[in-house]
Amino acid sequence: MTSGRQRRRVVPDYMAAARLTVPEHINVERTTLVYIAPDAATNGLDPPGSHLLTLLGDGPLSVYECAAHLGLPYCVVRLLVAGLVGGGTLLTRDPPPADLPDIEILELVLSGLRAL
C-alpha cells in the first residue's frame, strides 16, 4: 500500500542526458517522430535510454509523447533523443502535414455562429 506521495527520483532529471554528446545539426522538436533504427546497437545504454527504446518498441512516438510516458521534462528527452540519433540508435522524421480545413468553410461556420 502506498502513502499517496509520489516516489522521489534518486537521480535528478537533468542527469538522464548528462553523458550524451548532442550533435548541433540534429533538430528535434516536440512533434518530431522518433523510432528505433533497424540496425540499432542497444547494448550499453544508460537506464533512460533503455527505457526510451522499450517505449518505442511498439512503434514511433513524438518527442512530447515520449517525455510524458517517461515522466521526464521535454527538454531532457529532447537532448536524450538527439544524443541517441547522433549515435545511430534512433531515427527521426517530421510529422506528416496536417490537413487543414478550407478557409471558406470556416468563414461560413463563423458567419453562421454570428447569426445565432
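# Briefing: sheet, helices and an aromatic pair

Among contacts in the chain between residues at least 6 apart in sequence, 75% join residues at least 24 apart. The structure is a predicted model. Its chain contains four helices and three strands, and these elements follow the pattern β-α-β-α-α-β-α when read from the N terminus. Of the 116 residues in the chain, 28% are buried.

**The sheet**

- The three strands make up an open sheet, arranged in the order β2-β1-β3 with antiparallel pairing.
- Strands β2 (61-62) and β3 (90-93) are found at the edges; each has a single partner strand, so one side of each is without a neighbour in the sheet.
- Four bridges join β1 (residues 33-36) to β3 in the antiparallel sense.
- Within this pairing, Tyr 35 has Leu 91 in β3 as its bridge partner.
- Helix α3 (residues 74-86) packs on the sheet, where it touches β1 and β3. The direction of α3 makes an angle of about 110 degrees with that of β3.

**The contact between helices α2 and α3**

- Helix α2 (residues 63-70) also meets α3: their axes come within 9 Å and cross at roughly 115 degrees.
- This crossing of α2 and α3 is right-handed.
- On the α2 side, the residues in contact are Val 63, Tyr 64, Cys 66, Ala 67 and Leu 70. On the α3 side, they are Tyr 74, Val 77 and Arg 78.
- Sorted by class, the contact of α2 with α3 has seven nonpolar residues, one charged residue and no polar residues.

**The aromatic pair**

- A pair of aromatic rings is described by two quantities, the distance of the centres and the angle of the planes.
- The count of aromatic pairs comes to one.
- The ring centres of Tyr 64 and Tyr 74 are 5.8 Å apart and the ring planes stand at 65 degrees; planes over 60 degrees apart count as edge-to-face, so this pair belongs to that kind.
- Tyr 64 lies in helix α2 and Tyr 74 in helix α3, so the pair ties together parts that are 10 residues apart in sequence.

**Exposure of the two tyrosines**

- Tyr 64 has a relative accessible area of 46% and is partly exposed.
- Tyr 74 has a relative accessible area of 15%; buried means under 20%, so Tyr 74 counts as buried.

Technical notes. Residues numbered from 1 in each chain as written. Predicted model: local features only at pLDDT ≥ 70, side-chain atom pairs only at ≥ 80, totals over all residues. Heavy atoms only, no water. Pairing = 2+ DSSP bridges. Helix = DSSP H or I, 4+ residues; strand = E, 2+ residues; numbered from the N terminus. Contact = heavy atoms within 4.5 Å. Axes fitted to C-alpha atoms, helices over the stretch in contact; angles between N-to-C directions. Left-handed = near helix turned anticlockwise from the far one by under 90°. Nonpolar A, V, L, I, M, F, W, Y, C, P; charged D, E, K, R; others polar. Phe/Tyr/Trp six-rings, centres within 6.5 Å; stacked < 30°, edge-to-face > 60°. Buried < 20%, exposed > 50% of the residue type's maximum accessible area, 1.4 Å probe, protein only.
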